[in-house]
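Hi,

Here is the structure I promised to pass on.

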Amino acid sequence: MNQLQALFGGTFDPIHYGHLKPVEALANLISLSRVIIMPNNVPPHRAQPEASSQQRKKMIELAIADKPLFTLDERELRRDTPSYTAQTLKEWREEQGATCPLAFIIGQDSLLTFPSWHHYETILDNCHLIVCRRPGYPLTMEREEQQLWLEAHLTTNAEDLHVLPAGRIYLAETPWFNISATLIRERLEHGEKCDDLLPEPVMAYINEQGLYH
């Protein structure tokens, strides 16, 4: 049987415990044995990262060196054009074949804006969505047709993610860490310590490279 694989995308500028710990908890929760971290190069919806692609890649490598759950996928870093999730997931599905269970991990805040994503309606053709719950965020979509879309694909049974190749949305009760890359960058800019917010090798690399100061 094909094992469920999950993709976890983001800017990771820098990668921190708020990224890693909820996903590790998620892996235990739903028996996930492989999470592929995929940093993007040119995010279409936001300002460009402060650290270069190579620096962000290196920080991820340092963060996951002792964590066999995670692997790194560099495909979006090699692109010079904006990276659209729908396009990347379509490519990934073509590589993995039609029957392999694939999932894409997002936060609850991203779910609420999901219908604004490029070709969002094609994404569930290629994978499941696993949503890491965030306290304080509503679970209702902005418009009625979006809510109907959500309810049509929602499952409370994690087993669906393992047996079906795609098409389900699962709301995962993962722990929430109030850490953001913005907070880390601001603290470093002011010369404040961030040792409790990200892995020690990542912090050492940031200092070595003089990043975010």
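A charge counts as sitting over a ring if NZ of Lys or CZ of Arg is within 6 Å of the ring centre and within 35 degrees of the ring normal. Lys-21 does this: its charged end sits over the ring of Tyr-17, 4.6 Å from the centre. Bear in mind that this is a predicted model.

Now the aromatics. There are six aromatic pairs in the count. In one of them, Phe-114 and Tyr-120 have ring centres 6.0 Å apart and planes at 85°, so they are edge-to-face. Phe-114 is buried, at 0% relative accessibility, and Tyr-120 is buried too, with a relative accessible area of 18%. Tyr-120 also pairs with Trp-149: the centres are 5.4 Å apart and the planes at 75°, so that pair is edge-to-face as well. It links distant parts of the chain, with Tyr-120 in helix H5 (residues 120–126) and Trp-149 in helix H6 (residues 144–153), 29 residues apart. Trp-149 is buried, with a relative accessible area of 12%.

On to the nonpolar cores. The largest has 40 residues, and the members touching the most others are Ile-15, Ile-30, Ile-37, Met-59, Ile-105, Ile-130 and Ile-206. Helix H1 (residues 17–30) supplies the largest share of this core, five residues. Apart from that core lies another, of 24 residues, including Cys-100, Leu-111, Ile-123 and Cys-127.

Cheers

Terms used. Residues are numbered from 1 along each chain as its sequence is written. This is a predicted model: local features need pLDDT of at least 70, side-chain atom pairs count only at pLDDT 80 or more; totals for chains, interfaces and linings use all residues. Side-chain values use heavy atoms; hydrogens and water are left out. A nonpolar core is a set of buried Ala, Val, Leu, Ile, Met, Phe, Trp, Tyr and Cys residues joined through side-chain atoms within 4.5 Å. Buried means under 20% relative accessible area, exposed over 50%, partly exposed in between (1.4 Å probe, protein chains only). Helices (H or I, at least four residues) and strands (E, at least two) are DSSP runs, numbered from the N terminus. Rings of Phe, Tyr and Trp (its six-membered ring) pair if their centres lie within 6.5 Å; planes under 30 degrees apart count as stacked, over 60 as edge-to-face and the rest as tilted.
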